[in-house]
Amino acid sequence: QGSEVRRSSPPCLRLPVGTPSIMADAQQGSASHVPILLSFSVFSRPSSVPLGSGYEVLIQKFLSIYGDQIDVHRKFVIQLFSDEWGQYIDLPKGFVIADKCKLRLVPLQMEITSLGNLTPASTVFFCCDMQERFRPAIKYFGDIISVGQRLLQGARILGIPVIVSEQYPKGLGSTVPEMDLTGVKLVFPKTKFSMVLPEVEAALAEIPGLRSVVLFGVETHVCIQQTALDLIGRGLEVHIVADSTSSRSMMDRMFALERLSRTGIIVTTSESVLLQLVSDKDHPKFKEIQNIIKASAPESGLLSKV
């Protein structure tokens, strides 16, 4: 299946199935093809493209050669080596291949000013495996259900999409009845620990301008951790709600939260998330959110010694 490449100007592209290999490409010796050198990271490969090829053909050529190394969910820019300047420059607008040249694909970094900011329009909630069979095993399960209810209610009020996973529901049961799943975007079964599966990626692709994922559920050191790492690997910012995620062991829970915070993932609380999403007491939904958090959330063992 093709994968989406997000970039700042033209529409997104998808890599088609059956793209020719570089070996076959190199054998194309017709005069209508122009030799080019394509570089990505520490790699460089000679190739060729039809005379007059533009941005879209070049993007697909990079994907056909470096598809295994490229994180197709990040934003990229193509740069051209300029003999005049002796260095790579951004591909000029309307550029087409007319002669032999050197090109490179450069991933863009997320702007620092956006880190940590949550807005309803660019956020999705992930509720991970809050299932009946985990009730007797997970530390402070009642507390994290209570906080999870707040988050789901807040998502409905603010119109934020919610994606819900259930780990092997045939054996572990469905999501606990206390969690009101009315209006959620997707509920799906899984056996993989991470929530990042093809159907989830397809659902995310339907959310324009998505930047942030608010993640909660169980277990912190397994499904939550692996989901978070997969999401940041795809260029999304992840906020883990510490008071709505837990494990069977407090040791596993606390060390996982510490590890995740060191990888650039934001470990936060439910009240912080909900108030950040409204951001202003004059927000039309502030009173409804205020009613949710009027009573403080349970601390669910976060203040206890490990």
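**Exercise 1.** How many residues lie between strand 3 and strand 4 in their hairpin, and which residue in the turn has a positive phi?

*Solution.* The model is predicted, so that local features need pLDDT of at least 70 and side-chain atom pairs count only at pLDDT 80 or more, while totals for chains, interfaces and linings use all residues. Residues are numbered from 1 along each chain as its sequence is written, and side-chain values use heavy atoms, with hydrogens and water left out. Begin with the strands (DSSP runs of E, at least two residues, numbered from the N terminus, as helices are from H or I runs of at least four). Strand 3 (residues 33-40) and strand 4 (residues 43-50) run antiparallel and are joined by 8 bridges, where pairing requires at least two bridges found by DSSP. Within this pairing, Leu-38 has Arg-45 of strand 4 as its bridge partner. The hairpin leaves 2 residues between the strands, and Ser-41 in the turn has a positive phi of about 55°.

**Exercise 2.** Describe how helix 3 is placed against helix 8.

*Solution.* The axes (lines fitted to C-alpha atoms over the stretch in contact, with angles from 0 to 180 degrees between N-to-C directions) come within 10 Å and cross at roughly 10°. Helix 3 is therefore roughly parallel to helix 8, a label for angles under 35 degrees. Next, list the contact (heavy atoms within 4.5 Å): helix 3 contributes Val-147, Arg-150, Leu-151, Gly-154 and Leu-158, and helix 8 contributes Ser-270, Leu-274, Leu-277 and Val-278.

Note on methods. Parallel < 35°, antiparallel > 145°, perpendicular 65-115°, else oblique.
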